[in-house]
Amino acid sequence: MLLGAHMSIAGGFDKAVERAQAAGCQSLQIFTKNSNQWKAKPITPEQIEAFRAALAETGIGPVVAHDSYLINLASPDDELWLKSTAAFEDELRRCEELGVGFLVTHPGAAKESPREDAMARVAEALDRIYGKHRYPVMTLLENTAGQGTTLGASFEELAGIVDRATYPEQIGFCFDTCHALAAGYDIRGTEGYAQTMAGFDRLLGLDKLRCIHLNDSQKELGSRRDRHAHIGEGEVGLAGFAHFVNDRRFREVPGILETPKSDDLHEDRENLERLRGLEGAAPPFPGLTE
């Protein structure tokens, strides 16, 4: 697995690459703009050049982006849905400019609408966007903890969105370990991990799994609460993460930390060291080895 972390773009996109290198990352996740604002200044040619040069110099990659937390492609409110769709398209455009091939998004919240309708809204938003321009950026739907009315806590709901989409080839998936455990997928033991991944493969396809968020969970199995913890300090535990880092199917997949950090990034370095220390620690089972 190509281990990395989410890094701030404060000071420039190239600064995120510098931070990733300082923390010992192989891969990287960024926001393309302030995640708590709808609007953003256009990316300048100079920013693009500096970002790409930093990636070339460090060899860090793949790079994935995460969209704004304001976006809700499942919203039953037409005004918010249209605003979200336009904002998501802008983020895809920004990814294209930067040369980032993947944009992670939470499927959104159904609010007062039926969940079937909410899944259709997400698919329709992506259809509108990719129908206008086939962005060379894959949308990665992220599994969620299932808090409130959020979609995507089950693999079935993620599959329901793709099944409704006109351009399914533009859609892949991001697997979050904290979210999965909170949603009731017991990835802590070998049997539970194997069953979870077999279900993922059957419903979504492991070939469409393009990013893994490696976050421990403060809350227990099935809590439906999204609270990240440092690696080995939560309910997933080191044994749970050993399955992911030793699964040969994920050798070229970016494994991204989204855990709390301070300015000196020592937490990222420590978490990455813990993950790398797990190599060879997981017992074999069908699918874990070639």
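The following legends describe close-up views of a predicted model.

View A. Eight strands form a closed barrel in the order 1-2-3-4-5-6-7-10, with parallel pairing. Between neighbouring strands of this sheet the average turn is 30 degrees, direction ignored. Strand 2 (residues 27–31) pairs with strand 3 (residues 63–66) in the parallel sense over 4 bridges. Glutamine 29 stands opposite valine 64 in strand 3.

**View B. The largest nonpolar core.** This core comprises 81 residues, and Phe175, Leu214, Phe244 and Phe250 have the most contacts inside it. Helix 4 (residues 115–132) gives the most to the core, contributing 8 residues. A second, separate core holds 8 residues, including Val64, Phe102, Leu140 and Ile256.

**View C. The surroundings of phenylalanine 175.** Leaving aside neighbours within four places in sequence, phenylalanine 175 is in contact with residues that include Asn143, Phe155, Ile187, Leu209, His213 and Phe244. Among its other contacts are Thr196, Met197 and Phe200, which are also listed among the buried residues of helix 7.

View D. Helix 7 (residues 190–203) has 14 residues and reaches 20 Å from its first C-alpha to its last, close to the 20 Å expected at 1.5 Å a residue. Gly192, Tyr193, Thr196, Met197, Gly199 and Phe200 are buried. These residues lie on the same side of helix 7 because they cover an arc of only 155 degrees around the axis. Glu191, Gln195 and Arg202, on the other side, are exposed.

**View E. Packing and end of helix 7.** The buried residues of helix 7 pack against helix 5 (155–164), strand 6 (171–176), strand 7 (209–213) and helix 8 (237–246). Glycine 205, which follows helix 7, has a positive phi near 95 degrees.

Definitions and conventions
Residues numbered from 1 in each chain as written. Predicted model: local features only at pLDDT ≥ 70, side-chain atom pairs only at ≥ 80, totals over all residues. Heavy atoms only, no water. Core = buried A, V, L, I, M, F, W, Y, C linked by side-chain atoms within 4.5 Å. Buried < 20%, exposed > 50% of the residue type's maximum accessible area, 1.4 Å probe, protein only. Helix = DSSP H or I, 4+ residues; strand = E, 2+ residues; numbered from the N terminus. Contact = heavy atoms within 4.5 Å. Pairing = 2+ DSSP bridges. Axes fitted to C-alpha atoms, helices over the stretch in contact; angles between N-to-C directions. Expected span 1.5 Å × (residues − 1). Arc of directions from axis to C-beta.
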